[in-house]
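Dear colleague,

My notes on its charged pairs and its nonpolar cores follow.

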Amino acid sequence: MRHRFATMVDIPLLLPTINEAYRGQGGWTAEGHLVSGPRIDLEDLTHLILDKPNECKVLVFFEDEGRSEGSEALLGCIKLEKMGEDVFLGLFCVSVAKQGKGVGKKMLEAAEKWASKLWGSRHALMTVFRVRPELVAYYLRRGYEHTGHVEPFDYELVQSLGKETPLVADLDLFVLKKILANET
């Protein structure tokens, strides 16, 4: 597995992979039963990649065994966003076909190392839907802990943007945190 930071050339692969992982029906991480509509669109993904290159990066992962040059198979991505001495990890997805095979664990470890190396981040933070205990358990097994903080899902903002539609009530988000090894 290889990884690097996303560029504009990755968008045609990233958009369908992210949206299928989050809103599709096949993966164990899908949340299409909670929120409908695309997880991200072209405009928002372009902003993530271009707008704040010193504060926000999208790390992309590729499968390279048995592939010829230029025929990379995208495994997934993770967004790293600098927040003071910490990093917020989001938009974490693994291609549905590769879920349940240890790929996500390796991707998460790589993102944590990059955050320490790139920004000297002390902690990794993330939010996970409270109604997804299997996802919370996944992160707890990877060393994340509950912070005791719950962020409310911003129904008004989501509806005003018109891109996603919440399908259920009680979409609050647990805030999870992990102490990172200093890789600097």
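Glu31 and Arg23 are both buried (under 20% relative accessible area with a 1.4 Å probe, protein chains only; exposed is over 50%, and partly exposed lies in between). This is a predicted model, in which local features need pLDDT of at least 70 and side-chain atom pairs pLDDT 80 or more, whereas totals for chains, interfaces and linings use all residues. Residues are numbered from 1 along each chain as its sequence is written, and side-chain values use heavy atoms, without hydrogens and water.

Glu31 and Arg23 form a salt bridge, with 2.6 Å between the closest N and O atoms; the term denotes a side-chain nitrogen of Lys or Arg within 4 Å of a carboxyl oxygen of Asp or Glu. Arg23 also pairs with Glu164, at 2.0 Å. Glu164 lies in the loop between helix H5 (155–161) and strand S8 (165–166) and Arg23 in helix H1 (residues 11–23), so this bridge ties together parts 141 residues apart in sequence (helices, H or I of at least four residues, and strands, E of at least two, are DSSP runs numbered from the N terminus). A further salt bridge joins Arg130 to Asp172 (3.0 Å, N to O).

The largest nonpolar core has 27 residues, and Ile78, Leu80, Leu89 and Tyr139 have the most contacts inside it. Such a core is a set of buried Ala, Val, Leu, Ile, Met, Phe, Trp, Tyr and Cys residues joined through side-chain atoms within 4.5 Å. A second, separate core of 19 residues includes Ala6 and Cys93.

Yours sincerely
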